[in-house]
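Thanks for making the time this morning.

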Amino acid sequence: MKAIWSENEAHFAGKHVEFEPIWVWPKPVQRPHPPIVLGGHGPKAIARVADYCDGWLPIGMRAGDLRAGIAELHRVAREKGRNPASLSVSVYGGRSDADTLRALRDAGVTRGIFALPSEGADTVLPKLDRWAGVVRQVAEW
């Protein structure tokens, strides 16, 4: 995908994937390509994040496990010659109050993703307004 997103004429030959020159348009706006974030947990997922990705989206981890997972990700990244600060850590769903977001931030989470229902503006916009207020509270640290 990195080759397809960043090269005018992309071709690739790897261990699991090979393709002849192809042309794909339009290209993503982000340069050199959109961030690649891996969802999962465990040693293999963490190693893949450190090897190939721009961020990690741990799945189904409790707060204590999350802190340990982030510490492990940073350790593995350093072993592989990567700056741990170059890797984002995102969480999806869960509680979205200021105390929870502060705890996640303090654990090393760099991005919180809020879930929105597939409903009309009268349902969605008040949720966005509430979350904007929560984010402002957390940003004022």
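This is a predicted model: local features need pLDDT of at least 70, side-chain atom pairs count only at pLDDT 80 or more; totals for chains, interfaces and linings use all residues.

Strand 1 and strand 2 form a hairpin, with 4 residues between them. Strand 1 covers residues 10-13 and strand 2 covers residues 18-22, and the two run antiparallel, joined by 3 bridges. Within that pairing, phenylalanine 12 stands opposite phenylalanine 19 in strand 2. When I say that strands pair, I mean that DSSP finds at least two bridges between them, and the helices (H or I, at least four residues) and strands (E, at least two) are DSSP runs, numbered from the N terminus.

Residues are numbered from 1 along each chain as its sequence is written, and side-chain values use heavy atoms, with hydrogens and water left out.

Let me move to the parallel strands. Strand 4, residues 55-57, runs parallel to strand 5 and is joined to strand 5 by 2 bridges, with glycine 55 standing opposite serine 88. Strand 5 is in turn joined by 3 bridges to strand 6, residues 111-113, and these two also run parallel; here tyrosine 92 has isoleucine 113 as its bridge partner.

What do strand 5, helix 4 and strand 6 make together? They make a right-handed β-α-β unit, with helix 4 spanning residues 98-107; right-handed here means that, with the strands pointing away from the viewer, the path from the first strand over the helix to the second runs clockwise.

Why do I describe strand 5 as largely enclosed by the rest of the structure? Because 4 of the 5 residues of strand 5, which covers residues 88-92, are buried, where buried means under 20% relative accessible area, exposed means over 50%, and partly exposed lies in between (1.4 Å probe, protein chains only).

Helix 2, residues 43-52, has Ala45, Ile46, Val49 and Ala50 as its buried residues. These cover an arc of only 135° around the axis, which puts them on the same side of helix 2, the arc being that of the directions from the helix axis to the C-beta atoms. The face of helix 2 turned away from that buried side carries the exposed residues Pro43, Lys44 and Tyr52.

Now to the loops. Between strand 2 and strand 3, the latter being residues 37-39, we find proline 26, and the peptide bond leading from tryptophan 25 to proline 26 is cis, with omega near 0°. Proline 32 lies in the loop between strand 2 and strand 3 as well, and the peptide bond from arginine 31 to proline 32 is cis, with omega near 5°. Histidine 33, also found in the loop between strand 2 and strand 3, counts as buried at 14% relative accessibility. Leaving aside its neighbours within four places in sequence, histidine 33 is in contact (heavy atoms within 4.5 Å) with Lys2, Trp5 and Asp54.

Lysine 80, by comparison, sits in the loop between helix 3, residues 63-79, and strand 5, and lysine 80 is partly exposed, with a relative accessible area of 40%. Setting aside neighbours within four places in sequence, lysine 80 is in contact with Ala47, Ala50 and Asp51, of which Ala50 is one of the buried residues of helix 2.

Finally, the chain as a whole. Its secondary structure comes to 5 helices and 6 strands, which follow the pattern α-β-β-β-α-β-α-β-α-β-α when read along the sequence. The radius of gyration is 18 Å, well over the 14 Å that the globule rule gives for 141 residues, so the chain is more spread out than a compact globule; that radius is taken over C-alpha atoms, and the rule is 2.2 Å times the number of residues to the power 0.38. The C-alpha atoms fill a box of roughly 50 × 40 × 25 Å, taken along the principal axes, and 29% of the 141 residues count as buried.
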